[in-house]
Structure formats: structure tokens, C-alpha cells
Amino acid sequence: MSSPTQAEIAADADVYRTVLREWLEEGHADAWRDSYQYDIEASIKNNGKLVKLLFESGVGAYGWPVEAGALGGGSLHLATLFDELSRRGIPIPEHYGVLTTLGPPLVRYAPELAKLYLAAFLRGEEWWGQSFSEPEAGSDMASLRCRATPVDGGYRVNGQKIWTSHGVGAKKIVLLARTGTPESRHRGLTLFLIDSDTPGLEIRPIALANGRNELAEVFFDDVFVPTERRIGAEDEGWAIAMYLLQFERGLWAWLRAGVLMNRLGELARTVEPTDAAKARIGELYLDVAALRARAAETAKELADNGEVGPGASVDKLLLGAAEVGMLNAARELLGDTFLYGDTADRWREEWWWSRTTTIYGGAAEAQRQIIADRVLNLPKEPRK
Amino acid sequence: MTPDETKELRSTITALLESPAGEIPAQLDELGWEDLVAEEEEAAITALFSEHGRVLGTSTILDGVLISALGVAADAVIYNAVESGGTITGILVATAPEGDAVFAVPGLRTIASVPAGGLTVSPLPNFDEDLSWSKVSFAAASAVSSSDADWEAAEAAGQRALAAEIIGIARETLRLVMAYTSDRFQYGHPIATFQSVRFRYSDAHSANEAAAGLLHAAFSTDDVRASRAAKALAGRAAQLSAQHSIQTFGAIGSTKEHVLHHYVARGAVLDSLLGSSRDLTSQIGAEILESGFAPILTEL
């Protein structure tokens, strides 16, 4: 059988899997297997080389449109890439997390921007930050205040953002800003793609308790953004942000399920097979396996219909519970090894990071609220 | 199966389950059940067993799943069997046969031919008082063989059916309590408007749908470990739904007059068949500790 053409690979995620698997079996990416680095900037840099290798060899260039400099295919190609990397014990580069959520809305709502700028991200040469949250607008995103005021040829942005993942070193910032009146809530929001070296824009790292600069705050002091850097129409930001969050429910949850399966194996190889460990590892496995099963369905639904319903909030709750559960189990089962010495750096680091998983992208409490309101149709909470 | 066909199947099953429990297996035969399961296992099994759970059915359809998967001519199944001192003891869900009988005994993975008079039957006090299951014992010498039957696959089929039934119970438990607390007022508002109550339901719903998701995956693979995992997770989910329902029904939920206790007890006893949630979970954990790898059981 002759090897499949680019069009055949792009048209069928199963064909893609075969090609990708063959390539991975040749061992090209195996150098990244045990390449964990505590320092996050170093880690992103090193993993950027893997993104580049995958892209330039072709196998990492599916899942994105040809117009954006890639080889075509859809979100199931991305899901397949994450799956196959995880199965081979290769870490998923940090880039893919942000790409998976920021990429699809860019391609859909701003194809001309995707054409100009996505390729550098896909090639691992840069990464971007997502700036939605503010000090006074977390889960209640519609109350954000960072303002983009129309001026000649574009907008002037003033305000502050916070909790931008991998903000340090990000080349571009996807910003959700207010273009409507302060009372316009979700109706008056607009999305922009801004170069991080624009004058007036400042990124300051926020170290998690583990010492890693996982997050950042971003300050905007009269930052000029040209109109052509707007993603979608003015005041369309909320709809696009909601579109974006669906990829977090589906693809990101799927990506993390693959990572968690690997970490569960690593934990099992580290701890003594006591009865307590058997019960705990078994429970975790059920959580991760259910997450994987649900995320697979959500990812397929997203690929087929372009959208998923409020039921995907279940995936988000399961994801947070699996992440937190995994690291709690590691802490419990590893005991003193977790707390002392230098063999458990990574478990300790991940323990702190895992605490954020029930907060980012809409806190677990907000997800429970969505499920209660929109899935279970319970009578609404009385509001004062 | 198209959505319309699934809907039709469900209403056929709902009607069928209104018959007396003893007639249900024969009616399923008439419907061509085995062929349907062979063609559309997931749709058929989930429709039948989740509905059986929802209506608190007491028929022996689980025996049917195991016997048909084993492909042996057995009369009934003996569950939770143990062998001790030359005697096999276990639980019989079906009515005890009068004459010679052949039993499938999962757990011990054996087929037993027990002659008339060789079966000791005693009533089995049950956490679920609606069930007239019996405790049975017979001489271990009656156990013929494990035959060529694929016990692993048969147990997995039984576990998938049980998982569907347990999920049916858990969903109905949650539906009942949500309906109740949506109508009942405290402090001037329906109970289901209070966040602490709503969050319990969101968690219970998530647990039920997680189990349903894993069960769906289990139907799509030949790896029997997925079926074990699905049953383990279903048992855990039913416990959570039971716990949150009992609490938010208030005292009425723990009374004889209220329907809830039937669901709570049924979920608990079904969990015990073909491996409890607790035992299966530890078994899965033990295997992962042994191999050092968490098995990927489901594909995209």
C-alpha cells in the first residue's frame, strides 16, 4: 500500500493516527520522554523544540487549516496527536494547551489573523497568553472592566488582567475587553490579538506556591491595537469566548486525561502495593477512565457539530476532580517522600498546580451552577 | 440504531416490564431478544436494564445475559458463590428448580449439575425486602467443569448489564428527589433553590453521567477490564445519589411509606453481584500496581 496523501490524512483522523504512530515508533520524539524541567520557562522552551520538530516533519501540522500554514484536518486530529504522544510517554508541550483553546476561535472568527500569525505558534516558535480574568472578574467574567476605546484606526486599551497562563514570555495576548457601557455585561465585550511588545503593555509574573511562574498579570496603559487585530466583530467577544471554552471542555479535558493516565502509572511504579494503595489507585483509575470516556464523546460532538451543550460542564467537574484526586493520592501514598527530599519535586509542583484546575476556566462552583440551572433545570436560586 | 428506533425500543421495553416478573424472560424470547443483543448490544442492554432499574424490576433477566453469553444450557445462575468444606454456597435470584438442574456459577467459574434433592434452599434475609432471593448450597462434587465457556466475557456482559441497571436506579433516585425538593418549601423558597442542595444534585448527576460514559466505552471494547471499571463506577455513583437523596428528602426519605428506600436498597444489593464496587476497584488498583501502567481501554 502506498503511503496516504496529505488530503487523505487530513480527511480521516484514523489515517492520521497510523501515519503519526509510525513516525513516533521511529523514535524521533523519544528524547523528550524524561525531559521534565522544574523551571517553566526552560520547560516551555525545550518543549517548543518538540512542537517545531512535529510541525516540520509534517505529523504535527494536522488539525489546522491549510490557509493557516498547516496541512488541514480538524480537532479530532489534535485529539489523536495528544493521545499518541501520551501513549508513548512523551510530555504534551505546554503550547498545545493554549493552542487547543485559542486556535479554534481564531480560525473561525478571524481567519485572516490565523493566516498571518498562527503558523509561528504551530511551529513552536512562540506561545500566546489568554487574558480574560481580572482582579474583580473571575468566574463572573461578564463583569470585567478592562476597556478598549475606539480611536482612529483601532482601539486604546486601559486596564488590568490577571491569571494569564504562561504569560511570561508570551509573544501575543488574546484579550477580552469591554467595548460597551459598564452595564453592558456580556453584550459589550470584544476580543483582540495583541503583540506583547506593544508600548504600554506590561507582563508581570505571578509565581504559584511551587515557585513556578505559571501565571502572570498583564497591565494595559493606553495600548494601541489596530482594528485588524480584532477577533470577530465589536461586542461579539462573549460568544467567541463561549465558543473557546467548549474546546477546554472537550479537547483540553481529553489531553489531560492522557497525561493523567501516564502519571497514574508513574505513581503506581513508585508506591508500595498496600491495600490502601490498591483502593486509592483503583479509584483514581475509575475517575481518569471516566474522564477519558466522556471527553472522547465531547470531542467527537465538537468535531461533528461545532458545539457542545451545557452537559460539558460535567466534563469540567470530572477533570478537576481527577486532577486534584491524583495529586492528593500522590501526597497520601508517597507520605514523607512527598514532603521531604528532592525525589518528589515534580509531585510537589503538580500538587500546587492541580489546585488551580477546579478554578480556571470557570470554577467548579460555577460549573455546578450551570449543571443545576441548565442541565437539571432546577428552580433558580433566589437572588437578592 | 437511529434515535427513533431507540425510542421505540424503550417504549416496547417499558410496556414489557409491566408484565409479571416471571413472564418477562419468555416475552423477551418472543421479541427475538438474543438476536437484538447480538446486533445492538449497547442499545438493547442499556434500554432493558436501565428501565428494569427504574421500575425496580425483580425478573431474572440478568441470569439470561450470563447464560446466553456462556452459551451453555443452564437453568439459572448462582451468584456470590464460595466453596468451603466440599460445599458450594451462593445466592439464587431465580426461583429454585424442583428437579435436576444445571447452574452457572460465575465467581467459581463452573457449571454444576445438581440432581433433584441435591440443592439445599433457604430463605435469604435481604437488605432489599422486595427481593425473594434464596441462599442455596450443594455438594462441590456436582460442579462438572468450567467447560470451554468464556467466563471472563460472560461476567463482563453481566457487569455491563448490572452497571446499566444501577445507573437506571441512580438516575431515578436523583429524579425523584429533585422533583420533591423543587415543590417543597422551606424558608419561603423551594428546597431545590438552595445552593448547598443544588450542588449535591450537580455532583450526583456528574457521577451518574461519568459512570454512563464509562459504560458506553465498555460496550465499545472487547477488553473486559472496561466492564469491570464501569460496574465499579456505577456502584459508587448510586451510593452518592442515594446519600444525597436521603439527606435532602429529609426524614421522609428514610421511612417505609416512602418509595426511596426501595431504590437505595436495590442499588446496594445489585452492587454486590459479580463483584462489588469496592472489590472491583481494589482489583483494578492491584493490577495497575502490579503492571506499573494504567491501561488505556477506550479509543477516540
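A salt bridge here is a side-chain nitrogen of Lys or Arg within 4 Å of a carboxyl oxygen of Asp or Glu. One such pair joins the two chains: the side chains of Asp203(B) and Arg368(A) meet at 2.7 Å, N to O.

A few ground rules. This is a predicted model, where local features need pLDDT of at least 70 and side-chain atom pairs count only at pLDDT 80 or more, while totals for chains, interfaces and linings use all residues. Residues are numbered from 1 along each chain as its sequence is written, chains are lettered from A in the order in which they are written, and side-chain values use heavy atoms, with hydrogens and water left out.

| Item, chain A with chain B | Value |
|---|---|
| Residues in contact (heavy atoms within 4.5 Å) | 47 residues of chain A, 40 residues of chain B |
| Buried area (accessible area, 1.4 Å probe, lost on being put together, summed over both) | about 3800 Å², 69% on carbon and sulfur atoms |
| Salt bridges | 5 salt bridges |

On chain A's side, α8(A) gives the most, with 17 residues. Helices are DSSP runs (H or I, at least four residues), numbered from the N terminus.

Over in chain B, take a look at Glu172(B), which is found in helix α6 (residues 151–183). Is Glu172(B) buried or exposed? Its relative accessibility is 7%, so Glu172(B) counts as buried, the cut-off being under 20% relative accessible area (1.4 Å probe, protein chains only). Leaving aside neighbours within four places in sequence, Glu172(B) is in contact with Arg54(B) and Tyr263(B).

Key. Helix = DSSP H or I, 4+ residues; strand = E, 2+ residues; numbered from the N terminus. Buried < 20%, exposed > 50% of the residue type's maximum accessible area, 1.4 Å probe, protein only. Buried area = accessible area lost by both parts, 1.4 Å probe.
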